[in-house]
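Grab a pencil and work through these exercises with the model open beside you. Try each task on your own before reading its solution.

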Amino acid sequence: MPGRTLPTFTLAEVESHNSTKSCFVTLGKNVYDVTDFLDSHPGGADLVLEYAGKDIKNILEDEASHAHSSAAYEVLEDSHVGFLSSGAGSAANGKATSTAVANGDGTANGTNGRLPHPRTGMSSEEDLSKDTDITSDYKTHKFLDLSRPLFPQVWNGGFSKDFYLDQVHRPRHYRGGASAPLFGNFLEPLTKTPWWVIPVVWLPPVAYGLSLASEGFANPMEVVFCFLSGLFLWTLIEYFMHRFLFHLDEWLPDNRVGITLHFTLHGIHHYLPMDRYRLVMPPTLFLALATPFWKLAHAIFFFNWHMGTAVYCGGVFGYICYDLTHYFLHHQNLPLWWKQLKKYHLEHHFLDYENGFGVTSPLWDKIFGTELGPRAKKNL
Ligand SMILES: [Zn+2]
Ligand SMILES: [Zn+2]
Ligand SMILES: [Zn+2]
C-alpha cells in the first residue's frame with residue numbers, strides 16, 4: 001500500500017507546481033506529478049498546463065470535449081506523489097492531516113489505495129465482490145434499486161440510452177453474490193441458470209449431431225477436421241458476438257426495447273458480474289442465437305449436409321467450452337494460462353468494457369486491436 005506513506009501537500013503547494021519544470025494536478029484528494037507526461041500528452045502540453053495545480057476530475061470525465069481512455073488513469077496512478085491536505089492545513093500539522101487524509105482516501109477508494117476508475121467506480125478485481133450498499137447506490141445513481149425486482153425497473157425506468165449504458169457497466173454486488181430479484185414472482189426460477197446446465201443440455205445434441213455427420217464421411221479424420229474447424233470458427237464468433245452484439249452499446253436503439261434487450265443479453269452480467277446464476281446463457285436464449293448459425297452453416301456448405309453439420313457441432317462445442325470457461329474465470333482460482341485469462345477478463349469488467357472481448361483467448365483482441373493492458377498504455 002504505497003499510497004499510505006506518501007506525503008501531504010497543501011493547496012498552495014500544489015498550486016505552485018504550475019509550470020513545465022514541475023506540474024502537479026489533483027484528482028480529489030490525490031496529488032499527481034505529471035511533469036514528465038507533459039510532452040507525451042496527446043492533446044498537447046498546454047492543455048495540461050491549463051490545469052496545472054488544479055483538479056482534473058471534470059475534464060477527465062467530460063468525454064465530449066476530451067475522451068480519456070483507461071490508460072490515462074494508469075498513467076496518473078504511476079505519477080501519484082501524495083495527498084492534498086484538507087482545509088487550510090499548514091506544514092506544522094501536516095503530519096496529522098496526512099494520516100487522516102490517507103485513511104479517508106482508503107475508505108473512499110476501496111481498500112487497496114488504487115484509483116477508482118471513474119467509468120466503473122472500481123479499482124481492482126476484488127472490488128467486484130464487495131457488497132453494494134443498496135440504499136446509497138440507489139440514492140447516488142438513481143438507476144436500479146437492487147432491493148426490488150430489476151426487470152420492471154429497466155422496462156419502466158425511462159432511462160436514456162447514455163445514462164443506462166453508463167450505469168449498467170458499473171459493477172454492483174448483491175448480498176454476498178446472491179441473485180438479485182428480476183421479476184420477483186413465479187418467473188424468478190426461470191431467470192437462473194446454473195453452470196452445469198450447459199454441458200448437460202448441449203453435449204448430447206453435439207454428440208448426436210456428430211454421429212449423424214460422420215455417416216456422410218468415408219474417412220473419420222475428415223469429420224475430426226470439420227469439427228476442429230468449427231471449434232476454431234467459434235473463437236471468432238465469440239469475439240464478434242461479445243463485441244458487436246452484447247456490447248452493441250453505440251448502435252443500440254435509444255428506447256426501452258433496446259435497453260431491456262441489452263440488459264437481458266449482457267447488461268445484467270456487467271451490472272452484477274459475480275451473480276453465479278446470471279452468467280452462463282439460458283438454453284432458450286442460446287437456441288434463439290444458435291438457430292441462424294445452423295442455417296448459415298448449411299447455406300455455406302449447401303453441397304454437403306454432413307460437412308455443415310460437423311462444422312456446426314464443432315462450433316457448439318466451442319460455445320460449451322466458452323461458457324464454462326467464462327463461469328470458472330469468474331468463480332474459481334485457476335492455474336497457469338487460466339490465471340492470466342481470469343485477470344484479463346475481470347479487467348474487462350472493472351477497468352475497460354470497451355476492450356478485451358475475447359474470453360477464451362485474447363487472440364482476436366490482438367488481431368483487431370482491442371487488447372487490454374500495456375498495449376493500450378502506449379496508445380494513450
Ligand atoms: Zn456494453
Ligand atoms: Zn464476465
Ligand atoms: Zn462484456
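## Exercise 1: Loop arginines

Arg-175 sits in the loop between α8 (161-168) and α9 (197-214). Before going on, a word on the ground rules: this is a predicted model, where local features need pLDDT of at least 70, side-chain atom pairs count only at pLDDT 80 or more, and totals for chains, interfaces and linings use all residues. Residues are numbered from 1 along each chain as its sequence is written, chains are lettered from A and ligands numbered from 1 in the order in which they are written, and side-chain values use heavy atoms, with hydrogens and water left out.

**Task.** Find what the backbone of Arg-175 does, then describe the surroundings of Arg-170.

**Solution.** 
- Step 1. Look at phi: Arg-175 has a positive value of about 30°, although this residue is not a glycine.
- Step 2. Move to Arg-170, which is also found in the loop between α8 and α9. Helices like these are DSSP runs of H or I with at least four residues, strands are runs of E with at least two, and both are numbered from the N terminus.
- Step 3. Check burial. Arg-170 counts as buried because its relative accessibility is 15%; buried means under 20% relative accessible area, exposed over 50%, and partly exposed in between (1.4 Å probe, protein chains only).
- Step 4. List the neighbours. Leaving out residues up to four places away in sequence, Arg-170 touches Pro-118, Arg-119, Thr-120, Gly-121, His-141, His-270 and Tyr-271. Contact here means heavy atoms within 4.5 Å.

## Exercise 2: Another arginine

**Task.** Is Arg-278 buried or exposed, and which side chains make polar contacts with its side chain?

**Solution.** 
- Step 1. Locate Arg-278 in the loop between α11 (256-271) and α12 (283-300).
- Step 2. Arg-278 has a relative accessible area of 7%, so it is buried.
- Step 3. Its side chain meets that of Glu-188 in a polar contact of 3.1 Å, and that of Thr-191 in another of 2.9 Å.
- Step 4. Beyond its neighbours within four places in sequence, Arg-278 has contacts that include Ser-179, Leu-182, Ile-268 and His-269.

## Exercise 3: Zinc sites

**Task.** Which residues coordinate the zinc ion (ligand 3), and which ones coordinate the zinc ion (ligand 2)?

**Solution.** 
- Step 1. For ligand 3, pick out the NE2 atoms of His-242, His-247, His-266, His-270 and His-348, at 2.1 to 2.2 Å. Donors are N, O and S atoms within 2.8 Å of the metal (3.2 Å for Na, K and Ca); water is not among the atoms, so sites may look incomplete.
- Step 2. Follow these donors in sequence and you get the spacing H-x4-H-x18-H-x3-H-x77-H. His-270 in helix α11 and His-348 in helix α14 (residues 336-350) link distant parts of the chain, 78 residues apart. Both of these histidines are buried.
- Step 3. For ligand 2, the NE2 atoms belong to His-269, His-326, His-330, His-345 and His-349, at 2.0 to 2.2 Å.
- Step 4. Zoom in on His-326 and His-330: both lie in helix α13 (residues 305-331), 4 residues apart, about one turn of the helix. Both are buried, too.

## Exercise 4: Out in the open

**Task.** How exposed are Leu-336 and Asp-162?

**Solution.** 
- Step 1. Leu-336 lies in helix α14 and is exposed, with a relative accessible area of 70%. Its phi is near 50°, a positive value in a residue other than glycine.
- Step 2. Asp-162, found in helix α8, counts as exposed at 58% relative accessibility.
- Step 3. Now compare sequence with space: Asp-162 and Asp-249 are 87 residues apart along the chain, and their C-alpha atoms are separated by 8.8 Å.

Key: A polar contact is a pair of N or O atoms within 3.5 Å; within protein, one must be able to donate a hydrogen and the other to accept it, and residues adjacent in sequence count only if both atoms are side-chain atoms.
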